[in-house]
Amino acid sequence: MQCASFVDYRYPRASLVLAHRSLFFCPPSQFAAAWEAITECLPAGGVLSVDILGVNDSWAREPALNVSAFTQREVEQLLVPFDIQSWQTTDEPGTTLQGLAKHWHFFTAVACKR
């Protein structure tokens, strides 16, 4: 199935959602609706494993990329409906798969919906 946007996708009911290195590319104008759909597709006890882009990431400073980036406090607010089982912050220089220099900043969480 091809989707025009993150909000066009119909998230099926699921006990596990993996969203690693994907939500970075959800445009800010669509993020709230996509996040709500993801949260709603999980029943109580469902698990979310997610990477969320941080504001220090070099992609967050490139307006043409139109990525969604958040502060740690904002990510914590997104995860209020969940019990966080695992949390990791990455904020370091690195490279892309193409070998280009890039500063990575993202939050990785594994959380169980209340």
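How many residues apart are Phe31 and Trp35 in helix 1? They lie 4 residues apart, about one turn of the helix. The close-ups below come from a predicted model, in which local features need pLDDT of at least 70, side-chain atom pairs count only at pLDDT 80 or more, and totals for chains, interfaces and linings use all residues. Residues are numbered from 1 along each chain as its sequence is written, and side-chain values use heavy atoms, with hydrogens and water left out.

View 1. The structure holds 9 aromatic pairs. Rings of Phe, Tyr and Trp (its six-membered ring) pair if their centres lie within 6.5 Å; planes under 30 degrees apart count as stacked, over 60 as edge-to-face and the rest as tilted. Both Phe31 and Trp35 are buried (under 20% relative accessible area; exposed is over 50% and partly exposed in between, with a 1.4 Å probe and protein chains only). Helices (H or I, at least four residues) and strands (E, at least two) are DSSP runs, numbered from the N terminus.

**View 2. Trp104 and Phe106 meet edge-to-face.** Their ring centres are 6.1 Å apart and their planes stand at 85°. Trp104 and Phe106 are both buried.

**View 3. Arg21 and Lys102 each place a charge over the ring of Trp104.** The charged end of Arg21 is 5.0 Å from the ring centre, and Lys102 lies over the face at 3.8 Å from the ring centre. For this label, NZ of Lys or CZ of Arg must be within 6 Å of the ring centre and within 35 degrees of the ring normal. Arg21 belongs to the loop between strand 1 and helix 1, and its phi is near 55°, a positive value in a residue other than glycine. With a relative accessible area of 39%, Arg21 is partly exposed.

**View 4. Asp57 is buried in the loop between strand 2 and helix 2.** Its relative accessible area is 0%. Leaving aside residues up to four places away in sequence, Asp57 touches Lys102, His103, Trp104 and His105 (contact means heavy atoms within 4.5 Å). Asp57 and Gly45 are 12 residues apart in sequence, yet 31 Å apart in space, C-alpha to C-alpha.

**View 5. Thr39 sits in helix 1 (residues 28–41).** Thr39 counts as buried, at 8% relative accessibility. Beyond four places away in sequence, Thr39 touches Pro81, Phe82 and Lys113.

**View 6. Asn66 has a positive phi of about 55° although it is not a glycine.** You will find Asn66 in the loop between strand 2 (47–53) and helix 2 (72–78). At 40% relative accessibility, Asn66 is partly exposed.
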